[in-house]
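Here is a short briefing on one protein chain. Look over the sequence and the 3D view, then work through the points below.

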Amino acid sequence: MRMSKLYLPTLKEDPAEAEVISHKLMLRAGMMRKHSSGIYSYLPLGYRVIKKIEKITRKHMDNSEAQEVLLPIMQTSEIWKDSKRWDKFGPLMIKFNDRKSREYCLGPTHEEVVTDLVRDEVRSYKDLPLNLYQIQTKVRDEIRPRFGVMRGREFIMKDAYSLDTDYQGLDQSYQAMYDAYERIFAECGLEAVAVEADTGAMGGKDSHEFMVLADSGEDEIAFCSHCDYAANVERATSKKTDIDFEVEAELEKIHTPEIKTISELEEYLEVPAAKMIKAVAMVADGEAVLALVSGEDELNEIKLTNYLQANELRAAEEEEFAELFNSVAGFIGPVNLNNVRIVADQRLKNMSGAVVGANEKDYHLKQVKAGRDFEVEAFTDLRSVRGGERCPKCDQGKLNIKDGIEVGHIFKLGTKYSENMGANYLDENGKAQPIVMGSYGIGITRLVAAAIEQNNDQYGIKWPKAIAPYQIIILPLGNDDQVQEKSEEIYQNLKAQGWEVLIDDRSERAGVKFNDSELIGIPLRLTIGSRSLENGVVEAMIRENNKKLEIELDNLEKEVEKLFADIS
C-alpha cells in the first residue's frame, strides 16, 4: 500500500480527550476517530488490526470445533424477560420500541438469543454437544465511557456458547475454550493470565477472566507469590484472620464532635482502625442495607451485590440517611437501627469492644458487641483483599495486587438460561432435561488497545508482528530518481513474495517519515537513501527494540525473511 493513497490522518500531539496510552496512540496513529461518546469509526489501519485479531480468533475457535453463526443485534424483550434479565441488566441496555410498539434492545450479549435459537431445534441428546460462536457488534450504554475502546458503548466481541447434556460435558467444553483462549492471546503476541472471576450479571457457577497486565487496567488482580492462585479482587479472598476483641464491657456513648472518618477517630480516640467497625450505608434495589467491615478494610461492593442477589447496588445519598436509615451521615452504626438489613464481613464474627457510629450527630459508641447490642443477618466475605495478605490456596505465599485489562471472560452458566427459557433435550430414557450451557467472550476491539498498552514507547506503537497492520514499511529518502526506482523495485518484489508492505511515497521530509513510521509501529522498517545505495545496503530497523542494522541489497529478500522470523 502506498501511503500517498492511504487514509491515515496522524496527529502530532496527544488529543485532550485521551487519558490512557492506547487511546492516545489509536487517535494519533490514525486508527480511529470518535463518532460520539464511547462510539468510534475505525479507519483502514485500525481495521486491519481488528481483522487480523478476528482471523486468529476464528482459526482457534474453528480448531476447537466451534461453529460460526451470526446472531441479530436487535433483540426482542420477550427472550430477556424469559431469562429474567430484562431488569437485571438495567441501564446498561439500550431499549426501544418499534413502530408497532414492540419492545427491543440492542444486544449487550447473546445468551438469550442463542438459547432461543436452540430451544426449538435441539431435541435429543444426540444433537449435543454443540458450540456456536460469532464475531459481532455489542452495545452497552456505559454510564461513563472512557479509555477509548477499553470502555466503549459499542464494541466488537467474539462470543461463544457451549451446549452439553451434563456438567461433565460442560467441564470439557470449558477447558477446550480455556485452552483455545490461551492460544489466541499467545498468537496475538499478548502476555495474558487467567484469573478466577465473579460471574456478575451472567450468572452461573465458575468463571475465569483473561487479563493483560498493564498500568492502565481498570481491574485489580491478586497473585500469590508462591503458588498459581490468581483472582480478580472482586472475587479474591485471603487468609486474613478474624478479629477477636478480648475486651468486653458495657456499651458507652462518647462525644465525637465533627469526627466522621476512621482516620479521624483513630487520632481522636487513640484506638486502631482494627478495633472499629466501618458501617457503609447502601441501597440495594431500593432497600436499605448496612454493610459492616473492619475499620482497616474496604467494602467490596461486588461481593455484597452477589450476597444480596441485587440487580442494582449503590451508596446511599446523604438525604437518604434520615429517610431510609433514621441516621446521620458520618455517624451511622448498627445499634438500634430498625428495619434495615445488616450484613457483616466474616472477620467481625467474634467482635466485641468495638467502636461504631451512634446514629446521632457527633456521637459514637464504644464497647459494642454483636449479638448483645445488635443482630446481624449474616457474616460473609465482604472485604477487598490487600497486598501482603496470605494466600487462601497455599497459605504460604503472599498476595500481590496488579492492574490488568480484561480481554476475555469465560463462564460456566449451567442451566440458568435453559431452565428459565425452556431449552430442553430428551435424554436416553426419553426424559426432558435442561441443556447445560457455557458462555465465552473475547473483546476484539479491546484486544487492540491491550496490545498497545503492552507494546509502546515514547515514539509510538510497537505492534506484535501477528497483528501489525503491515509487516514492513519502506522509507525512500530524498528525491533521487535512483532511490525512488530502487524503492519501487523492492516494494514490488516483497509484495510478490507475499509480504504486507507499506511504502511511504509521500513528498515529506525524512523526519516526518521517520516519526510516522515509529508512531504507527510497523515491525520492520527498511530505509533507502542515496548513500546507502552507493554502499549496496539498506538500513533496517526492528521496531520491537529499535535495533538498527544494515543488510545487503543483493541478499535483501532472504535477510528480510530471517529478520522477521526473529521478531516477536
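How many helices and strands does the secondary structure of the chain come to? The count is 14 helices and 31 strands. Keep in mind that this is a predicted model.

**The whole chain**

- The chain has 568 residues, and 53% of them count as buried.
- The C-alpha trace spans about 95 × 70 × 55 Å along its principal axes.
- Take the contacts between residues at least 6 apart in sequence: 69% of these join residues at least 24 apart.

**Helix α1, mostly covered**

- Helix α1 covers residues 21–28.
- Six of the eight residues of α1 are buried, so the helix is mostly covered, given that buried means under 20% relative accessible area.
- The buried residues are Ser22, His23, Leu25, Met26, Leu27 and Arg28.
- What do the buried residues of α1 pack against? Their partners include the strands β1 (32–36) and β2 (39–42).
- Also among the partners are α10, β25 (456–457), β26 (460–461) and α12 (510–520).
- Glycine 30 follows α1 and has a positive phi, near 70 degrees.

**Helices α2 and α10, a crossing pair**

- Two packed helices are described by the angle between their axes and the distance between the axes.
- Helix α2 is formed by residues 44–63, and helix α10 by residues 444–454.
- Their axes come within 9 Å and cross at roughly 110 degrees.
- That angle is why α2 counts as roughly perpendicular to α10.
- The crossing of α2 past α10 is right-handed.
- From α2, the contact is made by Val49, Ile50, Ile53, Glu54 and Thr57.
- From α10, Ile444, Thr445, Leu447 and Val448 take part.
- Sorted by class, this contact has six nonpolar, two polar and one charged residues.

- Strands of a sheet pair through backbone hydrogen bonds, either parallel or antiparallel.
- Strand β19 (residues 363–368) pairs with β13 over four bridges, in the antiparallel sense.
- Lysine 253 stands opposite leucine 365 in β19.

- Strand β5 (residues 94–97) and strand β6 (residues 103–106) run antiparallel and are joined by four bridges.
- Phenylalanine 96 has tyrosine 104 in β6 as its bridge partner.
- The hairpin of β5 and β6 has five residues between the strands, and serine 101 takes a positive phi near 65 degrees there.
- Strand β30 (residues 537–542) and strand β31 (residues 547–552) also pair in the antiparallel sense, over six bridges.
- Alanine 540 has leucine 549 in β31 as its bridge partner.
- The hairpin of β30 and β31 has four residues between the strands, and asparagine 546 takes a positive phi near 60 degrees there.

**Threonine 527, a closer look**

- Threonine 527 is found in strand β29 (residues 524–528).
- Is threonine 527 buried or exposed? Its relative accessible area is 7%, so threonine 527 is buried.
- Leaving out residues up to four places away in sequence, threonine 527 touches Leu475, Leu477, Phe514, Ser532, Val538 and Glu539.

Definitions and conventions
Residues numbered from 1 in each chain as written. Predicted model: local features only at pLDDT ≥ 70, side-chain atom pairs only at ≥ 80, totals over all residues. Heavy atoms only, no water. Pairing = 2+ DSSP bridges. Helix = DSSP H or I, 4+ residues; strand = E, 2+ residues; numbered from the N terminus. Axes fitted to C-alpha atoms, helices over the stretch in contact; angles between N-to-C directions. Parallel < 35°, antiparallel > 145°, perpendicular 65-115°, else oblique. Left-handed = near helix turned anticlockwise from the far one by under 90°. Contact = heavy atoms within 4.5 Å. Nonpolar A, V, L, I, M, F, W, Y, C, P; charged D, E, K, R; others polar. Buried < 20%, exposed > 50% of the residue type's maximum accessible area, 1.4 Å probe, protein only.
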